[in-house]
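Dear colleague,

Please find the structure below, together with its sequence. I would be grateful if you could read the notes that follow alongside it.

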Amino acid sequence: MDVSQKGTILYRGVRRMTSEKLAEMEAAIATPTAGITATLVPFFGSALAGDEIVSTLGLDLGRSLLVGLDYEWHRPVEPDETLTIEVSIADVYSKATADFAVVATEARDHDGKPVQRQVSTFMERKPS
Amino acid sequence: MTTLAGVQLPPITRVGIARYAGATGDFNPVHVDEPFARSHGLPSVIAHGPFTVTLAIDSLVAQGIRPRRLSARLKAPVFPDQRLSISPTDDGNTFQIVAGEGVVVATVQITLE
């Protein structure tokens, strides 16, 4: 893992949370309350920049795992609203047997107000 | 405030994993490519960690609980067709996601405001 990448912005873009996209998440959850839950977790921020995470950090997917996931909600996503989403490397650090990358995703509405924040922690085992 | 109850989650199926991959665009081969997963020491593909957490969040929603914050530490992979359950701890704001015969796959802390 390239531990020098702290602060790198991996993705910044505008995404419309279409009813169709929310329905896809609802279908994956497939419970009576899935429609509500889909508005809380309509996307996985790190997946929006998945290729960039791998290439920027030099991750070996065979030695990497997601080990932490944090959410902070200001409100649910509204169907068909447009969000500005930024994914960045919040921290990178190394321990004896593994390296860790903390990837933060910030989603804001058209007024710039925060909607939700996701933080993913990836661990890459060092080669033995 | 609604007290968090221990509940069973719906089983994570291969179809569900595929749908989650499509919904998120996360096609990491460990989730969708059986030979890749097996070549890296796994018995099969595994569920996305966020999918497991999403199902746990859904169980909170079903109980009328809307957390302001949630922090999950993923401890073990979840395999297709494993039955998962929520096992609350005594403080009311922490629970474990447990698979099958008692394997803790995640510990979760929630904050309500």
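In this predicted model, strands β2(B) and β3(B), the latter spanning residues 94-99 of chain B, run antiparallel and are joined by 5 bridges. Within this pair, B:Ser85 lies opposite B:Val98 of β3(B).

Both strands belong to an open sheet of 9 strands with antiparallel pairing, whose order is β1(A)-β3(A)-β4(A)-β5(A)-β2(A)-β1(B)-β4(B)-β3(B)-β2(B). Its edges are formed by β1 (9-16) of chain A and β2 (84-88) of chain B, each of which pairs on one side only. From one strand to the next, the twist averages 20°.

Helix α4 of chain B (residues 49-62) packs on this sheet. The helix touches β2 (64-73) of chain A as well as β1 (69-74), β2, β3 and β4 (103-111) of chain B, and its direction makes about 35° with that of β2(A).

On the side of α1(A), the contact is made by A:Lys21, A:Glu24, A:Met25, A:Ala27 and A:Ala28; α1(B) provides B:Gly16, B:Arg19, B:Tyr20, B:Gly22, B:Ala23 and B:Thr24. The residues of this contact comprise 5 nonpolar, 3 polar and 3 charged.

With kind regards

Definitions and conventions
Residues are numbered from 1 along each chain as its sequence is written. Chains are lettered from A and ligands numbered from 1 in the order in which they are written. This is a predicted model: local features need pLDDT of at least 70, side-chain atom pairs count only at pLDDT 80 or more; totals for chains, interfaces and linings use all residues. Side-chain values use heavy atoms; hydrogens and water are left out. Contact means heavy atoms within 4.5 Å. Helices (H or I, at least four residues) and strands (E, at least two) are DSSP runs, numbered from the N terminus. Ala, Val, Leu, Ile, Met, Phe, Trp, Tyr, Cys and Pro count as nonpolar, Asp, Glu, Lys and Arg as charged, and the others, Gly among them, as polar. Two strands pair if DSSP finds at least two bridges between them. Axes are lines fitted to C-alpha atoms, for helices over the stretch in contact, and angles run from 0 to 180 degrees between N-to-C directions.
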